[in-house]
Amino acid sequence: MPGLARMYLYLPCNQRLITNPKHPIIMAVLYSVVPRKNPLKPLETPKFYAQIKSNGEEDFKAVTRAVADRCTVTGSDAKATFDAFMTVMIQRLKNGKIVRFDDFGSFRISATSEGVATEKDFNATKITKARIIFTPCKDLKDMCKAVSFTKTTAAATSNGEGEGEDPSI
């Protein structure tokens, strides 16, 4: 809502940002409506689905500056912390650990493999791809439940500016 005053209370890094309930932050995620065919039923008329339209992008430098603005660390400290976080997380994931951050979420490795007739026939060469699965914390899940959506007339693009759920999966 234009003209809605926003009021923040800044706390140390280890505490949550609190907003004044009289002046809530209004979050609106833009979406467009796109037709999609069901690949299992190619002759069927396409159905229309929401496709999220991103509202820009935050790069690493911008995020570290924002972190530094919210607490007592410098931008360099925030960058060093994120860099160290990534190094340690990669090491832990490579060792098969679930990396859990209570106030953020957890990361774990998952794999895709070829199927074989018997357990005896299976070995590590049948694993074709590894990926990382992120499971958000309760706060992030709650944010997803509470987010509002606003329709836009601009179509979402496939070059990273818009993402939609694939209804065929």
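This is a predicted model: local features need pLDDT of at least 70, side-chain atom pairs count only at pLDDT 80 or more; totals for chains, interfaces and linings use all residues.
Which residues form a nonpolar patch on the surface of this protein? The patch consists of Phe101, Phe104, Phe134, Leu140 and Met143, which together have about 380 Å² of accessible area. Patches of this kind are made of residues with over 30% relative accessible area and no salt bridge, where like charges are joined within 9 Å and nonpolar side chains (Val, Leu, Ile, Met, Phe, Trp, Tyr) within 5 Å. Accessible areas come from the Shrake-Rupley method with a 1.4 Å probe, and for residues only the protein chains shown count as cover.

Residues are numbered from 1 along each chain as its sequence is written, and side-chain values use heavy atoms, with hydrogens and water left out.

The protein has three helices and nine strands, and from the N terminus on its elements run in the order β-β-β-β-α-α-β-β-β-α-β-β. Helices (H or I, at least four residues) and strands (E, at least two) are DSSP runs, numbered from the N terminus. The accessible surface of the whole protein comes to about 13,600 Å², and 57% of this surface belongs to carbon and sulfur atoms. Of the 169 residues, 12% count as buried, where buried means under 20% relative accessible area, exposed means over 50%, and partly exposed lies in between (1.4 Å probe, protein chains only). Among contacts between residues at least 6 apart in sequence, 42% join residues at least 24 apart, a contact being heavy atoms within 4.5 Å.

We can now turn to the pair of helices α1 and α2. Helix α1 and helix α2 (residues 75-94) pack at an angle of about 120 degrees, with their axes 8 Å apart; the axes are lines fitted to C-alpha atoms, for helices over the stretch in contact, and angles run from 0 to 180 degrees between N-to-C directions. On the α1 side the contact is made by Phe60, Val63, Thr64, Val67 and Ala68, and on the α2 side by Gly75, Ala78, Lys79, Phe82 and Asp83.

Phe60 lies in α1 (residues 60-70), and with a relative accessibility of 39% Phe60 counts as partly exposed. Leaving aside neighbours within four places in sequence, Phe60 is in contact with Lys79, Phe82 and Asp83. Although Phe60 and Lys79 are 19 residues apart along the chain, their C-alpha atoms are separated by 8.1 Å. Ala80, in helix α2, is partly exposed at 45% relative accessibility, and the C-alpha atoms of Ala80 and Thr64, 16 residues apart along the chain, are separated by 9.3 Å.

Where do charged side chains meet? A search of the whole structure finds two salt bridges, each being a side-chain nitrogen of Lys or Arg within 4 Å of a carboxyl oxygen of Asp or Glu. In one of them the side chains of Asp83 and Lys79 meet at 2.9 Å, N to O. Both residues lie in helix α2, four residues apart, which is about one turn of the helix. Asp83 is partly exposed, with a relative accessible area of 34%, and Lys79 is partly exposed as well, at 39%. Lys138 also forms a salt bridge, with Asp142, and here the closest N and O atoms are 2.7 Å apart. Lys138 and Asp142 are separated by about one helical turn because they are four residues apart in helix α3 (residues 138-146). Lys138 is exposed, with a relative accessible area of 60%, whereas Asp142 is partly exposed, at 29%.

Two further residues show contacts elsewhere along the chain. Ala111, in strand β6 (residues 105-113), touches Ile127, Lys129 and Ala130, not counting residues up to four places away in sequence. The C-alpha atoms of Ala111 and Ile127, 16 residues apart along the chain, are separated by 6.8 Å. Lys97 is found in the loop between α2 and β5, and at 49% relative accessibility Lys97 counts as partly exposed. Not counting residues up to four places away in sequence, Lys97 touches Arg92 and Phe107.
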